[in-house]
Amino acid sequence: MSGETSVAHGTLAALALGLALLSQSAEAGGSPSGRAGRSRQPSGRAERSRRAARVLLLDGRDRLLLIHVQDGAAEAPALWMTPGGGLHPGESFEQAALRELWEETGIEGVALGPLVWRRRRRRLLDGRPFESLAHFFLVRLAEREVRAAPHALEPDEREVLGEYRW
């Protein structure tokens, strides 16, 4: 029973750390690559927005995968993020989470776990309204040792994604 408690505690600690780091990244400027789309609001006023899916990836030892992100062209500080990114047109949050997981880690054929958090944030970015909506999904791997590495990155991602750590 105490082993189950420590695993549950470790998982909760990993998730809390992941969510805290992601909240800090949002405060630091959001998307390191600055890939924001445009949408039309009912008022007719143009507003930039971004919809994204992120994966809280836990290995068989309940460690959370984080990727170091540094955009030399932006003024935002370096940060650690979970795998994930923006939705493609017509793509669901779930589809984007699995696609981004494969692109950024090479991990595929896994079951997408539950939606554990939604983050909606409205703020001014460069003096203009910006809204981001991110869905965070849990993926749990059975393997105790997992090698994650970039697999099919987009050009702007190659420039900003760095070290991977569990």
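The expected span of a helix is 1.5 Å times one less than its number of residues. Helix α2 has 13 residues and spans 18 Å from its first C-alpha to its last, close to the 18 Å expected at 1.5 Å a residue. Helices (H or I, at least four residues) and strands (E, at least two) are DSSP runs, numbered from the N terminus. This is a predicted model, in which local features need pLDDT of at least 70, side-chain atom pairs count only at pLDDT 80 or more, and totals for chains, interfaces and linings use all residues. Residues are numbered from 1 along each chain as its sequence is written, and side-chain values use heavy atoms, with hydrogens and water left out.

**The chain as a whole**

- The protein chain holds 3 helices and 8 strands, and from the N terminus its elements run α-β-β-β-β-β-α-β-β-α-β.
- Of the 166 residues in the protein chain, 42% are buried (under 20% relative accessible area, with exposed over 50% and partly exposed in between; 1.4 Å probe, protein chains only).
- Among contacts (heavy atoms within 4.5 Å) in the protein chain with a separation of 6 or more, 70% join residues 24 or more positions apart.
- The protein chain exposes about 9200 Å², of which carbon and sulfur atoms supply 53%; accessible areas come from the Shrake-Rupley method with a 1.4 Å probe, and for residues only the protein chains shown count as cover.

**Nonpolar cores**

- A nonpolar core is a set of buried Ala, Val, Leu, Ile, Met, Phe, Trp, Tyr and Cys residues joined through side-chain atoms within 4.5 Å.
- The largest nonpolar core has 16 residues, and A53, V55, L57 and F93 touch the most other members.
- At least two residues of this core come from each of β2 (46-58), α2 (93-105) and β7 (128-140), with α2 giving the largest share, 4 residues.
- Another core, of 8 residues, lies apart from it and includes L58, L66, A134 and L138.

**Helix α2**

- F93 contacts R51, A52, A53, L87, L133, H135 and F137, leaving aside its neighbours within four places in sequence.
- The buried residues of α2 include F93, A96 and A97, and also the charged residues R99, E100, E103 and E104.
- G106 follows α2 and has a positive phi, near 80°.

**Strands β6 and β7**

- Strand β7 is largely enclosed by the rest of the structure, because 10 of its 13 residues are buried.
- β6 (residues 115-125) and β7 pair in the antiparallel sense over 10 bridges; two strands pair if DSSP finds at least two bridges between them.
- R119 stands opposite A134 in β7.
- The hairpin of β6 and β7 has 2 residues between the strands, and D126 there takes a positive phi near 55°.
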